[in-house]
Amino acid sequence: MSITRSMLEIVDKELARHGVTSLKRLKVRIGELTAVEPEALRFCFEACLEGTPHEGALLDIEDVPLLGRCVDCSAEFRMEYILQACPECEGVSVAKTNGHELDIVSMEAE
(Lines give C-alpha, C1' and ligand atoms only; values in the text may rest on other atoms or scores of the structure.)
Protein backbone atom coordinates (compact mmCIF):
# COMPACT_ATOMS: atom_id res chain seq x y z
CA MET A 1 0.00 0.00 0.00
CA SER A 2 2.84 2.40 0.79
CA ILE A 3 4.34 1.91 -2.68
CA THR A 4 0.98 2.74 -4.24
CA ARG A 5 0.57 5.83 -2.10
CA SER A 6 4.06 7.02 -3.00
CA MET A 7 3.33 6.52 -6.71
CA LEU A 8 0.08 8.47 -6.39
CA GLU A 9 1.85 11.33 -4.60
CA ILE A 10 4.19 11.57 -7.59
CA VAL A 11 1.22 11.41 -9.96
CA ASP A 12 -0.66 14.15 -8.08
CA LYS A 13 2.37 16.46 -8.14
CA GLU A 14 2.87 15.90 -11.85
CA LEU A 15 -0.80 16.43 -12.65
CA ALA A 16 -0.87 19.65 -10.60
CA ARG A 17 2.24 20.87 -12.42
CA HIS A 18 0.31 20.51 -15.70
CA GLY A 19 -2.98 21.90 -14.40
CA VAL A 20 -4.99 18.68 -14.69
CA THR A 21 -6.84 16.89 -11.94
CA SER A 22 -8.06 13.53 -13.15
CA LEU A 23 -5.82 10.54 -13.87
CA LYS A 24 -7.17 8.21 -16.56
CA ARG A 25 -4.31 5.71 -17.05
CA LEU A 26 -1.01 5.03 -15.34
CA LYS A 27 1.68 2.81 -16.83
CA VAL A 28 4.34 1.39 -14.54
CA ARG A 29 7.30 -0.92 -15.02
CA ILE A 30 7.96 -3.48 -12.26
CA GLY A 31 11.14 -5.51 -12.13
CA GLU A 32 11.14 -9.08 -10.96
CA LEU A 33 13.61 -8.27 -8.15
CA THR A 34 11.42 -5.59 -6.57
CA ALA A 35 9.24 -8.20 -4.84
CA VAL A 36 6.18 -6.16 -5.84
CA GLU A 37 3.34 -8.49 -6.77
CA PRO A 38 1.51 -6.97 -9.76
CA GLU A 39 -1.95 -8.09 -8.65
CA ALA A 40 -1.39 -6.75 -5.13
CA LEU A 41 -0.29 -3.43 -6.63
CA ARG A 42 -3.40 -3.38 -8.82
CA PHE A 43 -5.63 -4.06 -5.79
CA CYS A 44 -3.97 -1.29 -3.75
CA PHE A 45 -4.15 1.11 -6.70
CA GLU A 46 -7.90 0.62 -7.05
CA ALA A 47 -8.42 0.88 -3.28
CA CYS A 48 -6.42 4.12 -3.06
CA LEU A 49 -8.38 5.70 -5.91
CA GLU A 50 -11.84 5.11 -4.43
CA GLY A 51 -13.57 8.39 -3.76
CA THR A 52 -10.89 10.47 -5.49
CA PRO A 53 -10.96 12.32 -8.82
CA HIS A 54 -8.83 9.45 -10.15
CA GLU A 55 -11.39 6.72 -9.39
CA GLY A 56 -11.72 4.39 -12.35
CA ALA A 57 -8.23 5.10 -13.71
CA LEU A 58 -6.53 2.14 -15.34
CA LEU A 59 -3.21 0.69 -14.25
CA ASP A 60 -1.01 -0.85 -16.94
CA ILE A 61 1.80 -2.97 -15.55
CA GLU A 62 4.84 -3.97 -17.56
CA ASP A 63 6.69 -6.87 -15.96
CA VAL A 64 10.46 -6.65 -16.35
CA PRO A 65 12.29 -9.98 -16.13
CA LEU A 66 15.57 -10.50 -14.33
CA LEU A 67 18.33 -10.30 -16.94
CA GLY A 68 22.04 -10.72 -16.53
CA ARG A 69 25.26 -10.07 -18.42
CA CYS A 70 28.31 -12.23 -17.95
CA VAL A 71 31.35 -10.19 -16.93
CA ASP A 72 33.65 -12.75 -18.55
CA CYS A 73 32.08 -13.34 -22.01
CA SER A 74 29.45 -10.52 -22.19
CA ALA A 75 26.61 -12.97 -22.90
CA GLU A 76 23.19 -11.60 -21.98
CA PHE A 77 20.54 -13.98 -20.69
CA ARG A 78 17.33 -14.39 -18.71
CA MET A 79 18.19 -15.29 -15.13
CA GLU A 80 16.08 -17.91 -13.44
CA TYR A 81 17.88 -17.46 -10.10
CA ILE A 82 19.50 -14.53 -8.35
CA LEU A 83 22.80 -16.42 -8.22
CA GLN A 84 23.22 -18.07 -11.57
CA ALA A 85 26.22 -18.97 -13.69
CA CYS A 86 26.46 -17.84 -17.28
CA PRO A 87 24.85 -20.41 -19.60
CA GLU A 88 27.48 -19.70 -22.28
CA CYS A 89 30.79 -19.93 -20.42
CA GLU A 90 29.62 -20.99 -16.94
CA GLY A 91 31.30 -17.93 -15.45
CA VAL A 92 30.02 -16.87 -12.05
CA SER A 93 30.57 -13.12 -12.41
CA VAL A 94 27.16 -12.04 -13.61
CA ALA A 95 25.85 -8.47 -13.43
CA LYS A 96 22.10 -8.03 -13.08
CA THR A 97 21.06 -5.63 -15.84
CA ASN A 98 17.26 -5.66 -15.55
CA GLY A 99 14.73 -6.67 -12.97
CA HIS A 100 15.09 -4.01 -10.29
CA GLU A 101 12.90 -1.35 -11.90
CA LEU A 102 9.95 0.28 -10.21
CA ASP A 103 9.18 3.16 -12.54
CA ILE A 104 6.29 5.30 -13.60
CA VAL A 105 6.49 5.14 -17.39
CA SER A 106 3.59 7.35 -18.43
CA MET A 107 0.27 8.76 -17.37
CA GLU A 108 -2.83 9.96 -19.16
CA ALA A 109 -5.03 12.59 -17.58
CA GLU A 110 -7.64 15.21 -18.29
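Student: In this predicted model, which strand does E3 pair with, and over how many bridges?

Tutor: Strand E3, residues 67-70, pairs with E5 in the antiparallel sense, over four bridges. Within that pairing, Cys 70 stands opposite Val 94 in E5.

Student: What is the strand order of the sheet that holds E3?

Tutor: The order is E4-E3-E5, an open sheet of three strands with antiparallel pairing. Strand E4 (76-78) and strand E5 (94-98) stand at the edges; each has a single partner strand, so one side of each is left without a neighbour in the sheet. From one strand to the next the twist averages 35°. As a general idea for reading side chains, those of a regular strand alternate between the two faces of the sheet.

Student: How do E1 and E2 run, and how many bridges join them?

Tutor: E1 and E2 run parallel and are joined by seven bridges. Gly 31, for instance, stands opposite Val 64 in E2. Between the two strands the chain passes through H2, and this β-α-β crossover is right-handed.

Student: Next, the core. Which residues of the largest nonpolar core touch the most other members?

Tutor: The general idea is that in soluble globular proteins nonpolar side chains tend to be buried together. Here the largest nonpolar core has 15 residues, and Leu 23, Leu 26, Val 28, Leu 41, Phe 45 and Leu 59 touch the most other members. At least two residues of this core come from each of helix H1 (2-17), strand E1 (23-31), helix H2 (38-49) and strand E2 (58-64). Another core, of seven residues, lies apart from it; Leu 66, Phe 77, Met 79 and Val 94 are among them.

Student: What is Leu 23 in contact with, leaving aside its neighbours within four places in sequence?

Tutor: Its contacts include Val 11, Leu 15, Phe 45 and His 54. Ala 57, Met 107, Glu 108 and Ala 109 are also in contact with Leu 23.

Student: Where is Leu 33 found, and what does it touch beyond four places in sequence?

Tutor: Leu 33 is found in the loop between E1 and H2. At 34% relative accessibility it counts as partly exposed, since buried would require under 20%. Leu 33 touches Leu 66, Ile 82, Lys 96, Gly 99 and His 100. Leu 33 and Leu 66 are 33 residues apart along the chain, with their C-alpha atoms separated by 6.9 Å.

Student: Is Glu 80 buried or exposed?

Tutor: Glu 80 is exposed, with a relative accessible area of 54%. This residue lies in the loop between E4 and E5.

Student: How many salt bridges does the structure hold?

Tutor: Side chains of opposite charge can pair when their charged atoms come close. The structure holds nine salt bridges. One of them joins the side chains of Arg 17 and Glu 14, at 2.7 Å from N to O. These two residues are three apart in helix H1, so they are separated by about one helical turn. Arg 17 is exposed at 60% relative accessible area, whereas Glu 14 is partly exposed at 27%.

Student: Which residue forms a salt bridge with Arg 25?

Tutor: Asp 60 does, with the closest N and O atoms 2.9 Å apart. This pair links distant parts of the chain: Arg 25 is in strand E1 and Asp 60 in strand E2, 35 residues apart. Arg 25 is partly exposed at 28%, and Asp 60 is partly exposed at 27%.

Student: What about helix H2?

Tutor: Glu 39 and Arg 42 both lie there, three residues apart, about one turn of the helix. Their side chains meet in a salt bridge, 3.6 Å from N to O. Elsewhere, salt bridges that share partners join Arg 25, Asp 60 and Glu 108 into one network.

Definitions and conventions: Residues numbered from 1 in each chain as written. Predicted model: local features only at pLDDT ≥ 70, side-chain atom pairs only at ≥ 80, totals over all residues. Heavy atoms only, no water. Core = buried A, V, L, I, M, F, W, Y, C linked by side-chain atoms within 4.5 Å. Buried < 20%, exposed > 50% of the residue type's maximum accessible area, 1.4 Å probe, protein only. Contact = heavy atoms within 4.5 Å. Pairing = 2+ DSSP bridges. Right-handed = clockwise from strand over helix to strand, strands pointing away. Axes fitted to C-alpha atoms, helices over the stretch in contact; angles between N-to-C directions. Salt bridge = Lys/Arg side-chain N within 4 Å of Asp/Glu carboxyl O.
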